[in-house]
Amino acid sequence: MKICYLPGDGIGPEIMAQALRVLDVFKKEGLNIELEEALLGGAAVDATGVPYPEATQKAARAADAVLLAAVGGPKWDVLPRPQRPERGLLGIRKDLNLFANLRPAVLYPELANASSLKPEIVAGLDIMIVRELTGDIYFGEPRGISEEGGKRVGRNTMIYNEDEIRRIAHVAFKAAQKRSKKLCSVDKMNVLETTQLWRDVVIEVSKEYPDVELSHMLVDNCAMQLVRAPKQFDVVVTGNMFGDILSDEASMLTGSIGMLPSASLDENNKGMYEPCHGSAPDIAGKNLANPLAMILSVAMMMRYTFANEAAATRIETAVKKVLAAGLRTGDIYEEGTQRVSCSE
Ligand code: ATP
Ligand code: MG
């Protein structure tokens, strides 16, 4: 297992250190883990002047998986756009062709009070959003603001070809097979041609997965259903823009941003794994951050890139044990539990 790890900025190095401790346990038990550290984001800008330096490109391309903590912070927000940490993130996603973004939203029973919804609505919540990450209206051409007939006109193009839809559909069906074999595809086919094609192609692909029950939902209804009755969903697959919005909505159902991991995969299950949260500059360097999203990202890496379900389950079980024991970092602390630091 060749793993390139990127501690990044803010709380990044603190939470990455905890992920490395987890990997060290597996290493001591005999798993063949090779680690290489590289720079991304603000840390890379400070050292080399660019957010995604050549040395990092080399290391990331050579690895089977990339572990990323978080990038960005106010210190770099004054720089010209090409030098901002966020450009490093977009750069590595594009460079590694990470077109499939998997974001689980799980409600841990010990944290039921953290959700903004009533416990009976979210108890047992366990959703996986599969978002297409490299196409759609975010990248389509033509785009831009121009002057037409004496008026300014803003334009973006929503576009998918059938190959792009097919490959993300396969990822989603395979994810559904590993879970409860239910897949909901989200589109807006009643008004958008792109998503009519989306629906047609998803239906074609479904013929190869007769064991998975496929349903379709319009995005506006899905946004509503996620709040009304989120437990009806298991795996949800959708395009880049709808996925951006729905995955943020789903993550907030759990009320614990410090607990949510994510995976971004290419065609061969090479992936980049990172917490859903950002670099949290307000608590950086204080040993206060919740390392569980980072540690659960290691579990996703074991599951999706290395097909090591045993290791993934062990990490997830360990996280549940820590919560059951009442240990909490500040972000999920409540009365009657025990406050611990990031490294503890
Ligand atoms: P980005 O733009 O990179 O997504 P953001 O502006 O959305 O970042 P975050 O960095 O995710 O913001 O932080 C949002 C809030 O959540 C902050 O108050 C931060 O301290 C808190 N937070 C984020 N991650 C953690 C964590 N792992 N542990 C504890 N608190 C966290
Ligand atoms: Mg954010």
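Two strands are said to pair if DSSP finds at least two bridges between them. The model described here is predicted. The protein has an average pLDDT of 95, and 100% of the residues score at least 70. For the complex, the predictor gives an ipTM of 0.95 and a pTM of 0.90.

Strand β11 covers residues 261–265 and pairs with two strands. With strand β12 (residues 271–275), β11 pairs in the antiparallel sense over 5 bridges, and L265 stands opposite G271 of β12. The hairpin formed by β11 and β12 has 5 residues between the strands, and in this hairpin N269 takes a positive phi near 65 degrees. Strand β4 (residues 100–106) also runs antiparallel to β11 and is joined to it by 3 bridges. N101 has S264 in β11 as its bridge partner.

Because 5 of the 5 residues of β11 are buried, the strand is largely enclosed by the rest of the structure.

A residue counts as buried if 20 or more other C-beta atoms lie within 10 Å of its own. β7 pairs with strand β6 (residues 144–148) in the antiparallel sense, over 5 bridges. I145 has G154 in β7 as its bridge partner. These two strands, β6 and β7, form a hairpin with 2 residues between them, and G149 in the turn has a positive phi of about 55 degrees.

The largest nonpolar core contains 94 residues. L40, L67, V130, A172, V236 and V298 have the most contacts inside this core. Helix α10 (residues 292–304) supplies the largest share of the core, 11 residues. When neighbours within four places in sequence are left aside, L40 is in contact with residues including L6, G8, P51, Y52 and I92.

Ligand 1 has 15 residues around it, of which G258, H277, G278, A280 and N290 come nearest. The shell around ligand 1 is made up of 6 nonpolar, 7 polar and 2 charged residues.

Notes
Residues are numbered from 1 along each chain as its sequence is written. Chains are lettered from A and ligands numbered from 1 in the order in which they are written. This is a predicted model: local features need pLDDT of at least 70, side-chain atom pairs count only at pLDDT 80 or more; totals for chains, interfaces and linings use all residues. pLDDT is the predictor's confidence in each residue, from 0 to 100. A residue is near a molecule or strand if its C-beta atom, placed from the backbone, lies within 6 Å of it. Ala, Val, Leu, Ile, Met, Phe, Trp, Tyr, Cys and Pro count as nonpolar, Asp, Glu, Lys and Arg as charged, and the others, Gly among them, as polar. A residue is buried if 20 or more other C-beta atoms lie within 10 Å of its own, exposed if 12 or fewer, and partly exposed in between; C-beta atoms are placed from the backbone. Helices (H or I, at least four residues) and strands (E, at least two) are DSSP runs, numbered from the N terminus. A nonpolar core is a set of buried Ala, Val, Leu, Ile, Met, Phe, Trp, Tyr and Cys residues joined through C-beta atoms within 7 Å. Two residues are in contact if their C-beta atoms, placed from the backbone, lie within 7 Å.
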